[in-house]
Amino acid sequence: MIIYSRNRRLRTTPALRALVQETVLTTSDLVMPLFVMEGTQTEIAISSMPGILRRTMDLTVKECKELFSLGVKGVNLYMKVSENLKDNLGTESWNRNGLMQNTIKAIKDAVPGMVVMPDVALDPYSIYGHDGIISNGKIDNDATNDALVKMSVSHAEAGADIIAPSDMMDGRVAAIRTGLEEGGFTDVGILSYAAKYASSFYGPFRNALDSAPVDNVEIPKDKKTYQMDFHNSREAMDEVMKDIAEGADIIMIKPGMPYLDIVSKVREAIDLPIAVYNVSGEYAMLKAAAQNGWLDNDKAIIESLTCIKRAGADMIFTYAAKEAAILLNG
Ligand code: PBG
């Protein structure tokens, strides 16, 4: 039998496969999210995210040095806020001397080359565990934006390179951009979580920060009035286009693996860099299967991150960033 076109011809040897490889994952594609807490010389394991620690600021700085030497060029910061500092307005979030602001300074002092991207959202600071301020039992979009601007400017003052708002309020990219321009922070970029879905895959993260919405009949129990409905795809494009028009520099799509159709669709439509968040639940699933011997941990990590890049990501926020960097460095 004569088969003129045989796809297997180019799969014959490792060298040939390497020559025709379309997507190559590198350490420069990776951003590591870090959980920070008050204190010194302490780290706590997060049980729902095997291998992930919550660290005090000093140990976080040490970790950043290690990450940078491994080739990981970006970190995304989250604070565990003490209960006594939480309120409805998230006042602590724009404290110039707060844990976030001090951590940004400490990292930039110790590892100036690291791209520091603090999370901007009220949930870790909110007594209600919501990304917005609550008034009359509802999330008050515009009041929240005012708080997010103050928070963003305080991060810029501390030395942040890129502000990463993950709250999904309407109009916040324009508000933050205006605040940064007026404050003279013209070079501080905005990575906007443009298409962030209300997802059950954030569960382990909320354990890590103790930031889940509290159970109360007066306030919404979930984030569905601001995060997107997972049944929708066209709406993601609308969100993305609005954030670009408002001045976003990088567009985030979140979660990652179950949402790669969205990534690929947005990739076709825009030329700005795209970030994809390989979220806590995706990480926890992989780790749980690997711990049971059901998956090869290292292979599954490299495959899943490469596939996220193949779908169109320029950078991937992933809890496996350090592990992946070690694997990629061979
Ligand atoms: C909150 C925030 C969340 C994540 C990042 N920022 C949780 C949420 O929206 O409830 C999730 C990250 C993850 O699951 O890895 N603004």
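First, the ground rules. Residues are numbered from 1 along each chain as its sequence is written, and side-chain values use heavy atoms, with hydrogens and water left out. Because the model is predicted, local features need pLDDT of at least 70 and side-chain atom pairs count only at pLDDT 80 or more, while totals for chains, interfaces and linings use all residues.

Start with the ligand. There are 18 residues around the ligand, counting a residue if one of its heavy atoms lies within 4 Å. Arg206, Lys223, Lys254, Ser280 and Tyr319 come nearest. Now the polar contacts, meaning pairs of N or O atoms within 3.5 Å. An N or O atom in the Tyr319 side chain is 2.6 Å from a ligand oxygen. For the side chain of Gln227, the distance to a ligand oxygen is 2.8 Å. Asp123 has a side-chain N or O atom 3.2 Å from a ligand nitrogen. On its own the ligand has 400 Å² of accessible area, and the protein covers 100% of that (Shrake-Rupley method, 1.4 Å probe).

Next, salt bridges: a side-chain nitrogen of Lys or Arg within 4 Å of a carboxyl oxygen of Asp or Glu. The count is 18. One of them joins Glu63 and Lys322, N to O at 3.1 Å. Glu63 sits in helix 2 (residues 57-69) and Lys322 in helix 11 (residues 321-328), 259 residues apart. Helices here are DSSP runs of H or I, at least four residues.

Last, the surface. Arg6, Arg8, Arg9 and Arg11 form a positive patch, made of residues with over 30% relative accessible area and no salt bridge, like charges being joined within 9 Å. Arg11 lies in the segment before helix 1 (14-19).

Technical notes. Patches are made of residues with over 30% relative accessible area and no salt bridge: like charges are joined within 9 Å, nonpolar side chains (Val, Leu, Ile, Met, Phe, Trp, Tyr) within 5 Å. Lys and Arg count as positive and Asp and Glu as negative; His and the chain ends are not counted. The place of a charge is taken as NZ of Lys, CZ of Arg, CG of Asp or CD of Glu. Helices (H or I, at least four residues) and strands (E, at least two) are DSSP runs, numbered from the N terminus. A polar contact is a pair of N or O atoms within 3.5 Å; within protein, one must be able to donate a hydrogen and the other to accept it, and residues adjacent in sequence count only if both atoms are side-chain atoms.
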